[in-house]
Amino acid sequence: MATLSGRLWAQRGRLVLWLPVAMGMGNAAYFTLSREPAMGWVVALGMAALAGPVLVRWRGDLLRVRIGAGLSCAAACGFLAAWAAAHHAPPFPDLPHRATHLRGQVRAVEDVAAPGGGTRRRVDLGHVQLLDGIDAGMPPMRRVIRLRLRDDDTQALAPGMWVTVRALLAPPGPPDLPGGYDAQRRAWFAGIGGSARALDVPVITTGGAGGWATWLGRVRAHIAGRVMDVLPGQRGAMAVTLLTGRSGGISARTRADFADSGLAHLLAVAGLHLGIVMGLGIAAVRSMLALSEHAALRWPCRQIAAVAGLVLGCGYVLLTGAHLPAQRSLVMASVATLAILTGRRVVSLRSLALAAGVLLLLEPEEMLELPMQMSVAAVMALVAGFEACATPLRLLREGEHAWQRTAGRIGHLSLASILAGVACLPVGMAHFADVGAWFVLANLIAVPLAAFWIMPCGMVALLLMPFGLEALALVPMGWGNAVVIWLAHHVAAWPGAHVGVPQMPAWGLALFFLGLCWLCLWTRPAWRLWGVAPIALAMMTPWMVRVPDVLVPAQGRMLAVVDGPDLLAGPRGHVDRFVLGDWVRVLDRRAGSLADGMATPDGRLTCQAGVCLLVRGAHRIMMELRGGADPSCAGVDVLVTLSGGHAACRDVVRIDALTLWRSGAQALYLDPSRGGEVRTDRQVRGARPWVMGPGQHGMPNLPMARAE
């Protein structure tokens, strides 16, 4: 123990970096619970969080006690932050399952890509009131309703307007399979109450209020129109995305090419774009100050330029919609600016730890989402990697020969692409279930082009737009966009650019982050290398997860059978392509079809007269795809029926409409030694605030009683 304490004392400068790691572990502990913690546990954790700083400052000799107290305090803070954020959100409203008239105020208008190509408009409505039936006269909803407008609706809508529309409403959907992506959790923390599809053209009842949100929306629309006038097609759509954050003009094919080539981050306004904009602002302000001898000799030019760059970055984030990834990047940029003002290192693991700690306190739910995981993994790998390779890179950049300096610059860019790409690879496996082999090459070309050509031209275009001269900068920007689009298209077509793998489980991703933190946060090489083991194990976890034999989504109109490398879905005409695509991606299987008269070569799956029989070992599963048939249930272990029939089959495990209504999506696992096991969405997610009740019903939006 004395040896361990001595080694920890030698690493005391790095111990503070583990505080946000402990906060993240406490955060994750809350989200992995199957039910809400009792209030007694919450109070106990609050007391632990308050007592932690006292023990940390204790002057005793037991260093391990002080370290344990600090980590426990951070973990308790992370748990309490997640608990408070979950209980601060209003409940989901109980939406009618029929066409209804509603009235609401436009919060945002966005163009989104349509599945079949083109774009469609989506409107976020706040203060929504339902105008029909028993819902008439009820208080406004406390959550936002996302309304999809009709394709033929061309009227101009702006934030602040009040509209009335007849629409079909739907609550946030549950996962398509147990353990799948939880859209309800995402909607709970994002303040979304459900979606709606407009049946008529909305009627504008009151014009916009004229606030800053309305003004910003009109500015974005004006800039987008001016850009598209100069740059039609995908070049202009990419420019609109970079300058306004409106990405609806990007086609589905372009998005797929950018994703397969590893360039999808160029279309998401986040840290890269904010860093480029702030860097341009800092360089411009510092150059102007250097023109004045008085300012250069007497003023703190570096600090003034940093503040000016941060102000410009804030303006860029507001102009592009202030999306959550951009907000997180702005927090990290603010920490970097504070480091410049106080004379500390701008890019360091301490800055990352401070920014991550602030984000985990303000937005604890974002720890489970892709953008924050990508950002933390990439930045941590970049900072730690460049710390380890600082000496050889410096020797190359300061070399006597030109080839050494050139090699140093190329090595710097290559190392950045490799570190960020490799660190984000497991995150992509967990969220997208695929890997790419050419992301380093694509980013080595596209990122410098975006930093030194595309974004500077875009910023100049914004400055020239009030004078009507934006074409002078937009045309060169379009050339750069065309090169990046061409690069994404060709790299995506190369062999190995898109390799599907089974989805990494959540515990595998947690194991990867634990290993990455261990590898990056310590300074002793012997200690750091121990982080390779959990990372290697995490990379193998996608192949350690049991694959279900039968899947049934919560909507109950289809089912699928896993047959080796194939995923056979049916019945025909009722297969939800979105659900099937999600299953194919997660399970890394090929899509197939269940049809009458089919039989697998081994004879274990046969379909006849709307009924399929699956035989796996000693287990027999009967799946009724449609009504009308009533085969015998003799010898059947599990009955899956989509029609609600077979009331006489009472001695078998049933998966029917009532089961789906109560428990959500179902996954059937067959084990020759242990028999069949049915795993439900309700079992996996448990009873949490964001898990809607049976039938996906929310809380009725009723007024309070007179006594209340």
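Trainee: What should I know before reading the model?

Mentor: This is a predicted model: local features need pLDDT of at least 70, side-chain atom pairs count only at pLDDT 80 or more, and totals for chains, interfaces and linings use all residues. Residues are numbered from 1 along each chain as its sequence is written, and side-chain values use heavy atoms, with hydrogens and water left out.

Trainee: How are two packed helices described?

Mentor: By the angle between their axes and the distance between the axes. Axes are lines fitted to C-alpha atoms, for helices over the stretch in contact, and angles run from 0 to 180 degrees between N-to-C directions. Helices (H or I, at least four residues) and strands (E, at least two) are DSSP runs, numbered from the N terminus.

Trainee: At what angle do helix 3 and helix 14 cross?

Mentor: Roughly 25°, with the axes of helix 3 (residues 18-31) and helix 14 (residues 349-362) coming within 9 Å. That makes helix 3 roughly parallel to helix 14. Angles under 35 degrees count as roughly parallel, over 145 as roughly antiparallel, 65 to 115 as roughly perpendicular and the rest as oblique.

Trainee: Which residues of helix 3 and helix 14 meet?

Mentor: Contact means heavy atoms within 4.5 Å. Helix 3 brings Pro20, Met23, Gly24 and Asn27; helix 14 brings Ala353, Ala356, Gly357, Leu360 and Leu361. The residues of this contact are six nonpolar, three polar and no charged. Ala, Val, Leu, Ile, Met, Phe, Trp, Tyr, Cys and Pro count as nonpolar, Asp, Glu, Lys and Arg as charged, and the others, Gly among them, as polar.

Trainee: What is the angle between helix 8 and helix 18?

Mentor: About 75°, with the axes of helix 8 (residues 233-244) and helix 18 (residues 439-464) 10 Å apart. That makes helix 8 roughly perpendicular to helix 18. Met238, Leu242 and Leu243 of helix 8 touch Ile454, Met455, Gly458, Met459 and Leu462 of helix 18. This contact has seven nonpolar, one polar and no charged residues.

Trainee: How does helix 17 pack on helix 18?

Mentor: At about 125°, with their axes 9 Å apart. That makes helix 17 oblique to helix 18. Leu413, Ser414, Ser417, Ile418, Gly421 and Val422 of helix 17 meet Phe439, Val440, Asn443, Leu444 and Pro448 of helix 18.

Trainee: Where does helix 17 bend?

Mentor: A bend at a residue is the angle between axes fitted to the seven residues ending there and the seven starting there. Helix 17 bends by about 35° at Leu425, and Pro426 follows within four residues. After helix 17 comes Ala433, with a positive phi near 60°.

Trainee: Which peptide bond is cis?

Mentor: The one from Gly570 to Pro571, with omega near 0°. Pro571 sits in the loop between strand 11 (566-570) and helix 23 (577-587).

Trainee: What is the phi of His127?

Mentor: Near 55°, a positive value in a residue other than glycine. His127 belongs to strand 2 (residues 119-130).
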